[in-house]
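Let's take a walk through this one together, sheet by sheet and chain by chain. Have the viewer open and follow along.

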Amino acid sequence: MSEQTLKQWLLSDAPASRMQARVAGLYQGWLRLTSNWMTLTGLLILTALVLIAACAPLLAPHDPFDQDLLNRLKPIGFDDHYLGTDSLGRDILSRLIYGSRITLYIVALVTLIAPVVGLLVGTVAGYLGGWADQILMRTTDVFLAFPRLVLALAFVAALGPGIENAVLAISLTAWPPYARMARAETLTIRSSEFIAAIRLQGAGPLRIITRHIWPLCISSLIVRVTLDMAGIILAAAGLGFLGLGAQPPSPEWGAMISEGRRFILDHWWVATIPGLAIFTVSLAFNLLGDGLRDVLDPKDGGHG
Amino acid sequence: MTAINVQNLDVWFGSVSAVRSVSFSVAQGQSVGLVGESGSGKSTILRAITGLAPDWSGSIQALGQDLHGAARDRSFFKKVQMVFQDPYASLHPRHSVDQVLSEALHLQGMDAISKRTEKLLDDVGLGPRFRFRYPHQLSGGQRQRVAIARALAGEPEVLLLDEPTSALDVSVQAEILNLLTDLRADRGLTYIMVSHDLPVVAHMCDNLAVMQNGSVVEMMTADALRAHQAIEPYTRELLAAST
């Protein structure tokens, strides 16, 4: 198949098989996603982040934990320390590279917990209504009432400090907004005629929720999660900064800023460089989220 | 034998009563129209029959089966199906035609789903080209054909038609009405058709019930309607407005 016909095959208005319909849908979504250069920038930055995290041992010029007290607080470009060294003489670039693994770990853990719980609770509450709705949504309100950092403090006190407990605390306070959003969408979807039609075919609540409501909720959820991801990274970094998240000598970016804070006037780069890294990744997530909203929003008539 | 028998039906939404003591019966193979202006409760009767409007009293029998409350069992859904008013709202925006039809076939316990999907598409006048399209790649008339195909998936005996053409262009309306007429002739279906359009009902139905404010004001045959033999003043008014 030559390139031209492959393209025609992908953009065909009358797909000939289930597979073609699906692949063509994905391809058209991909075209729309990449047609916006800002979204593309976000996507490239995040791809780079994943690659850097995966190849950290190959890319890092030094061991991120290797201390060298003779060469502490060296400026950018000193010797082979391209981004300088911190207060214990550790190479900042290497710590930044290894820190990307922690950032991705946080992102992955939170996306595994918060949106999934939120979607489950929200759609079940919205579709079933009545008592189930009351119980689930009041529970959601209880969780919504917890301040994030205070809950994190409680977790750290109960389970000991560490990145997992910080992520758990963030996830526990992050899911209620998703549940509310999923419930609100479910309420509009469940009264629509295509749900009535499938009910008349004898479909039960489980099938309707998982096959008919989830596909319509998931896209706005993905967008919301991507846009929230910046906030989640910042919250995790904030916890690290307060000493409640990642513990030394872990090269978590927030903890690195916290360490650099003491020298910020004389040795600005120690705190600034991890700060720039957090800024870049947060920005990339926001850009990608904006683009995904354009691609995935079902109200725009697009499809996934 | 009666397909649908409705006696003293009252339907209400909260404190608003939408249908007041309506009685009618439809013999098997017959086609009955419910006519009235919007808000007269005609669609609500269909929703009460299918269990989509849960608060009702009176008695409804479908093919000899007594119905209660909002719960309907599988055997009911196999025999009675509904086509909705707005084809833009009655198809899942993320499901392809193939998914819509094969899910309906699966739920109705059919075998050889792939073959039957093609057959259904063929029956409603859509070729295999349309099988893997999504609703946004279809026109309104094509969507309504898919919705009709879905309703036919379980090979029902009774089809409830809730203004199946009111959201379509005039030319497409005629195509869909002809399709429905053909399907009825081929399969011996029983229709209850809701419409505010008297000519459409006169074309499609043997009998019709004229509704106003939730009650039936007059029952008449389509022949009587065509001969302008309406008795009630409201029916005369409707007739005058449509000609």
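In this predicted model, chain B has an open sheet of 6 strands, arranged in the order 6-7-8-3-9-10 with mixed pairing. Strand 6 and strand 10 (215-221) of chain B sit at the edges, each pairing on one side only. If you ignore direction, neighbouring strands of this sheet are turned against each other by 15 degrees on average.

Strand 7 (residues 158-162) and strand 8 (residues 190-195) of chain B run parallel, joined by 5 bridges. Looking across from Leu159(B), you'll find Tyr191(B) of strand 8 standing opposite. As a reminder, strands of a sheet pair through backbone hydrogen bonds, either parallel or antiparallel.

Now for the helices that go with the sheet. Helix 1 (residues 42-50) of chain B lies across strand 3 (31-35), strand 6, strand 7, strand 8 and strand 9 (207-212) of chain B, and it runs at about 145 degrees to strand 7 of chain B. Helix 5 (residues 140-152) of chain B packs on the sheet too, where it touches strand 6 and strand 7 of chain B. The direction of helix 5 of chain B makes about 170 degrees with that of strand 6 of chain B.

Strand 1 (residues 2-13) and strand 2 (residues 16-27) of chain B run antiparallel and share 8 bridges, with Val6(B) standing opposite Phe24(B) in strand 2 of chain B. These two strands make a hairpin with 2 residues between them.

Chain A is built another way: it has 12 helices and 0 strands. The C-alpha atoms of chain A fill a box of roughly 75 × 60 × 25 Å along the principal axes. Of its 304 residues, 41% count as buried. Take the contacts in chain A with a separation of 6 or more, and 68% of them come from residues 24 or more positions apart.

So where do the two chains meet? The contact takes 26 residues from chain B and 24 residues from chain A. On the side of chain B that touches chain A, helix 2 (74-79), strand 6 (80-83) and helix 3 (97-107) of chain B each supply at least two residues. Helix 3 of chain B gives the largest share of that side, 3 residues. Sorted by class, the side of chain B that touches chain A has 11 nonpolar, 8 polar and 7 charged residues.

Last stop: the nonpolar interior. In soluble globular proteins, nonpolar side chains tend to be buried together. Which residues touch the most other members of the largest nonpolar core? Among its 144 residues, they are Ala236(A) and Ile192(B). Helix 10 (residues 205-242) of chain A provides the largest share of this core, 16 residues. Over in chain B, leaving out residues up to four places away in sequence, Ile192(B) touches Ile4(B), Val26(B), Val32(B), Leu34(B), Leu46(B), Leu160(B) and Leu161(B).

Notes:
Residues numbered from 1 in each chain as written. Chains lettered and ligands numbered in written order. Predicted model: local features only at pLDDT ≥ 70, side-chain atom pairs only at ≥ 80, totals over all residues. Contact = placed C-beta atoms within 7 Å. Helix = DSSP H or I, 4+ residues; strand = E, 2+ residues; numbered from the N terminus. Nonpolar A, V, L, I, M, F, W, Y, C, P; charged D, E, K, R; others polar. Pairing = 2+ DSSP bridges. Axes fitted to C-alpha atoms, helices over the stretch in contact; angles between N-to-C directions. Buried ≥ 20, exposed ≤ 12 C-beta atoms within 10 Å, placed from the backbone. Core = buried A, V, L, I, M, F, W, Y, C linked by C-beta atoms within 7 Å.
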